[in-house]
Every structure is written in C-alpha cells, then in structure tokens.
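Welcome! Please have a look at it before reading on.

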Amino acid sequence: MPKQDHGAPRKGWHILITGASSGIGAALAQYYARPGVHLSLWARNQERLEKTAEDARSKGASVETRSIDLSDAEASLKAFGETDDQHPVDILILSAGMADIRPEGALAESADVALKMSMVNFATPVALATEAANRMAKRRQGRIGLMGSVASFHDLPLATVYSGSKAGIGRFSTALHAAMVPYNVKVTLIAPGFIDTPMSQRLEGDQAFLVPVDKAARKIARAINAGRAVLVFPWAFQLTRALEAILPRPIAHRILRGLEIMQHPSSS
Ligand SMILES: NC(=O)c1ccc[n+]([C@@H]2O[C@H](COP(=O)([O-])OP(=O)(O)OC[C@H]3O[C@@H](n4cnc5c(N)ncnc54)[C@H](OP(=O)(O)O)[C@@H]3O)[C@@H](O)[C@H]2O)c1
C-alpha cells in the first residue's frame, strides 16, 4: 500500500514560496507540484527560478514566478498584496534567507551585511507574514511557514546577525501562532539544522546530522499541514540547545568562540 502523504496540498490550493530558486524553497516547490495546485515562486535570480518553475510545471502544477529582492520590504509587501488579491494564498512559506558569517580576519560582520540580513531574514518576512495573517484570518483559513534555524538557539560569535535574525523570527513566529489559532490560521516555525543545499555547501567544517533537501522538504510540508507551532530537526539539536541553557554563559561562550567554520563566497 502506498505511504500516506501527510503534507500533500488540496486541489485548488495556492502556495507562495520565497527563496524558490534554490535549496529548501526549490525542493518545497517540487514537493507541492502536482495537477490542481497553483504555485507562486519568488526569488531574485530569474534564471534559477525558471528552472524550478519548469520542473514544477512538468509535474502538472500551474506556476507564476516573480523576481523580487526581499531587502525591499515595501516592494515585497506590494507584490504580496497583488498576488493575494488575484488569487488568495492558502500557504505562504517564507524560505528565502542569507547566511553570511563573519569574514576571516574580521572582528564582526560588516554593518552593510547586518542591515541587509536583518531585512531579508527578519524584517521583510515579518511584514509579509503579518499581512498574510491579517488576510487569512478574515478568510478563516491559511498556513504560514517561517524559516528559523537551530542557529537561533546559540550565541554564535561567528554569525551574530544570522543567529540574531533567526532568534527574532522564532519569537515572532510562535507569537503569531498564538495570535492566529482562533482564526484557523496556523503559523509554523521551521528550525532546521544542516540541510544539504547551496547555503550549507558554502561552509567548511563539521556539519553534524546533515539532512538531504528532499527529506527536509517533506518534513516541513508535513509540519505546515499539521499546523504545528514549531518543527526542530534533526531532533539532536534540542540537546545542544538544552546543553547551552544549563552551562554558565562564560563557559558556553568560550566553547562557541572556539568553533572553526569557514564560508566560501556566495555565487549570487
Ligand atoms: N541549508 C541549511 O543548512 C539551513 C539550516 C537552517 C536554516 N536554513 C534556512 O533555510 C532557508 C533556505 O535556505 P537554503 O538552505 O535553501 O539556502 P539557499 O539554497 O542559499 O537558498 C536561499 C534562497 O533565498 C533567496 N534569497 C536570498 N537572498 C534574497 C533576497 N535578498 N531576496 C529574495 N530572495 C533571496 C535565494 O534566491 P536568489 O539568490 O535567487 O534571490 C534562494 O532562493 C534560509 O532562510 C536559511 O537561513 C537553512
């Protein structure tokens, strides 16, 4: 007997995914792609986005793409309003993100990177999720997935802005979940460990419990469909979180300062 697919979308659903040109967003697009499903796929790189779109169309989905830079929150909000007016969004997945760490030899990330990452990883997703939640609550239906990270569990000296932006999105997401439950809008925080995507492939260093991207997409879709408040995976990262919580902070920080991770430049 075929295994039941607990993340499968209903016929007629409209699913909007940011970060659909690569990695987890692209894998989610392929997961959801099937006849009767409409996908709106967003990212900056039109060529890579078209590749995801073509693959999804070949599986029977109808697909629209939009090239958009999430560091422009106003343009992103306007685009969301237009898309939702045209065809109400049933599932919004805010997967896009950037993950630049402190460059080798630098004392901290640059202020430019800090500002851009705060917009892409935090401010714009927060604005989009808030707009979507208000619209979905009026319709008494909807699902929103926000992309956090297990990096948010730790004070990472190499990635202060990344871990900070993901911690912010984490608190926002669970608070929005609490606010939206009465209106049948379910908000899910996704907090993954290492997933095998171009983002993690830029890193040199140990990547414990690395998860294949297709497996990650299935897990994420299932959690969103179930309306879970939080998905942390692999589960072992709950242990590192608990460990940091019980260690005296100076000791935890000394250990975290010793982490050696190198990051290759981004291709985009
Ligand atoms: N991979 C991991 O190990 C891991 C672990 C924990 C959390 N995450 C989170 O999961 C999410 C997806 O990451 P991934 O692994 O799939 O990375 P990825 O393969 O590098 O994909 C990142 C996506 O975000 C889009 N993006 C980046 N900056 C953007 C901007 N300014 N405007 C619009 N789109 C932008 C990229 O598209 P364009 O370049 O075409 O714009 C791309 O589609 C991120 O939020 C990341 O922080 C990943």
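Asn 184 is partly exposed, with a relative accessible area of 36%. Asn 184 sits in the loop between H5 and strand E6 (185-192). Its phi is positive, about 60 degrees, although Asn 184 is not a glycine. Helix and strand names come from DSSP runs numbered from the N terminus, where a helix is H or I over at least four residues and a strand is E over at least two.

A word on the model itself: it is predicted, so local features need pLDDT of at least 70 and side-chain atom pairs count only at pLDDT 80 or more, while totals for chains, interfaces and linings use all residues. Residues are numbered from 1 along each chain as its sequence is written, and side-chain values use heavy atoms, with hydrogens and water left out.

## Around the ligand

Which residues come nearest to the ligand? Of the 31 residues around the ligand, they are Ser 22, Ile 24, Arg 44, Tyr 162 and Thr 197. A residue counts as near when one of its heavy atoms lies within 4 Å. By type, this shell divides into 14 nonpolar, 13 polar and four charged residues. In that sorting, Ala, Val, Leu, Ile, Met, Phe, Trp, Tyr, Cys and Pro are nonpolar, Asp, Glu, Lys and Arg are charged, and the others, Gly among them, are polar. Helix H1 (23-32), helix H5 (160-180) and helix H6 (198-201) each supply at least two residues of the shell, and H6 gives the most, with three residues.

Several N or O atoms of the protein face oxygen atoms of the ligand. A backbone N or O atom of Ile 24 is 2.7 Å from a ligand oxygen, and the side chain of Lys 166 places an N or O atom 2.9 Å from a ligand oxygen. For Gly 193, a backbone N or O atom lies 3.5 Å from an oxygen atom of the ligand. On its own the ligand has 880 Å² of accessible area, and the protein covers 94% of it. Such areas come from the Shrake-Rupley method with a 1.4 Å probe; for residues, only the protein chains shown count as cover.

## Aromatic rings

How many aromatic pairs does the structure hold? There are three. Rings of Phe, Tyr and Trp (its six-membered ring) pair if their centres lie within 6.5 Å; planes under 30 degrees apart are stacked, over 60 edge-to-face, and the rest tilted. Tyr 31 and Tyr 32 make an edge-to-face pair, 5.3 Å centre to centre with 80 degrees between the planes. Tyr 31 is buried at 13% relative accessible area, and Tyr 32 is buried at 0%.

Phe 209 and Phe 237 are also edge-to-face, because their ring centres are 5.9 Å apart and their planes stand at 85 degrees. This pair links distant parts of the chain, 28 residues apart: Phe 209 is in the loop between strand E7 (203-204) and helix H7 (213-226), and Phe 237 is in helix H8 (residues 236-246). Phe 209 counts as exposed at 51% relative accessibility, whereas Phe 237 counts as buried at 10%. Together with Phe 194, Phe 209 and Phe 237 form one aromatic cluster. Phe 209 also has a positive phi, near 60 degrees, in a residue other than glycine.

## Charges over rings and a buried contact

Arg 34 lies over the face of Tyr 31, 5.5 Å from the ring centre, and Arg 241 lies over the face of Phe 153, at 3.8 Å. The rule is that NZ of Lys or CZ of Arg is within 6 Å of the ring centre and within 35 degrees of the ring normal.

Asp 84, in helix H3 (residues 73-86), is buried at 3% relative accessible area. Its side chain makes a polar contact with the side chain of Arg 135 at 2.9 Å. A polar contact is a pair of N or O atoms within 3.5 Å; within protein, one must be able to donate a hydrogen and the other to accept it, and residues adjacent in sequence count only if both atoms are side-chain atoms.

## A cis bond

A cis peptide bond joins Phe 233 and Pro 234, with omega about -15 degrees. Pro 234 lies in the loop between strand E8 (230-233) and H8.

Definitions and conventions:
Buried means under 20% relative accessible area, exposed over 50%, partly exposed in between (1.4 Å probe, protein chains only).
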